Amino acid sequence: MQKNEQSRDEESLISHLNALRNTLLHCLFALGIALPITLFASPYFLNWLIKRLIQDTPITLNFFSPAEVFILQIKIALVLDLLICFPYIAKKLWNFILPALYENEKRFIKKIVLSSSSLFILGVGFCISFILPLIIKFGASFATDELKATIGISNVIGLSLWLSVIFGLMFQFPLITYSLIKSGICTYESVKTKRPYIFTFILIIAAILTPPDVVSQLMLTIPTYALFEIGLYFSKKINQ
């Protein structure tokens, strides 16, 4: 009897590993299909991003090696690839996490995927439109007649790509909060009482993921915690 149960557990583990492998392969395949498109679009996006970031500042961006801009274009293409494929990847991952779904659960997953994709795009857009220009202008404010702001393009674009992805992921907080409470893993009251710990956790994550300056950390912490409160507010209706 014990051997049969052990055999079933091993078969279940192998089945889950195969499902995970197929999920990852489908995600990689989608990324591979979109990559040529994003490689073509990345030079145009790079030019637009540079103009967006350094407008109204005395900053001049420079590159210091022949292949530096080309490498940046590849990095941008990879981020755009992730952005384009995020809805498909999110759907695949949710389908793997919650298999054998009922019809109402499938509808819930569709809403989750749509919300997750929208929040990711919103996070990236918020970062590029508001956060990055503020960071650049903050850095440029230290320039004087004796101290000129001449910055390497890799530093600015690398920071932009990193923060864009981080903001896209951190903007998932309201969805995570809502899903945990709706699924019954957590209750509204238990999450509500842990607000100070959650704020501290967000602050620590922001400190790890952002550059070592208070401005960047607060710019990630404040909207992320605000989104957590939004998710908690909508989750309150579940228990009513």
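Guide: The secondary structure of the protein comprises 8 helices and 2 strands, where helices (H or I, at least four residues) and strands (E, at least two) are DSSP runs, numbered from the N terminus. Along the sequence these elements follow the pattern α-β-α-α-β-α-α-α-α-α. This is a predicted model, in which local features need pLDDT of at least 70 and side-chain atom pairs count only at pLDDT 80 or more, while totals for chains, interfaces and linings use all residues. Residues are numbered from 1 along each chain as its sequence is written, and side-chain values use heavy atoms, with hydrogens and water left out.

Of the 240 residues in the protein, 35% are buried; buried means under 20% relative accessible area, exposed over 50%, and partly exposed in between (1.4 Å probe, protein chains only).

A search of the whole structure finds 8 aromatic pairs. Rings of Phe, Tyr and Trp (its six-membered ring) pair if their centres lie within 6.5 Å; planes under 30 degrees apart count as stacked, over 60 as edge-to-face and the rest as tilted. The pair of Phe-126 and Phe-167 is tilted, because the ring centres are 6.1 Å apart and the planes stand at 45 degrees. This pair links distant parts of the chain, with Phe-126 in helix H3 and Phe-167 in helix H4, 41 residues apart. Phe-126 is partly exposed, at a relative accessible area of 26%, whereas Phe-167 is buried at 1%. Phe-126 also pairs with Phe-171, with centres 5.8 Å apart and planes at 40 degrees, so this pair too is tilted. Since Phe-171 lies in the loop between H4 and H5, the pair ties helix H3 to a part 45 residues away in sequence. Phe-171 counts as buried, at 5% relative accessibility. Together, Phe-126, Phe-130, Phe-167 and Phe-171 form one aromatic cluster.

Phe-167 also belongs to the largest nonpolar core, where Ile-157, Phe-167 and Phe-228 touch the most other members among its 47 residues. A nonpolar core is a set of buried Ala, Val, Leu, Ile, Met, Phe, Trp, Tyr and Cys residues joined through side-chain atoms within 4.5 Å. Helix H3 gives the largest share of this core, 12 residues. Ile-157 touches Leu-46, Leu-49, Ile-50, Leu-72 and Ile-76, leaving aside residues up to four places away in sequence, a contact being heavy atoms within 4.5 Å. Apart from this core lies another, of 5 residues, among them Cys-27, Ala-30, Cys-85 and Ile-89.
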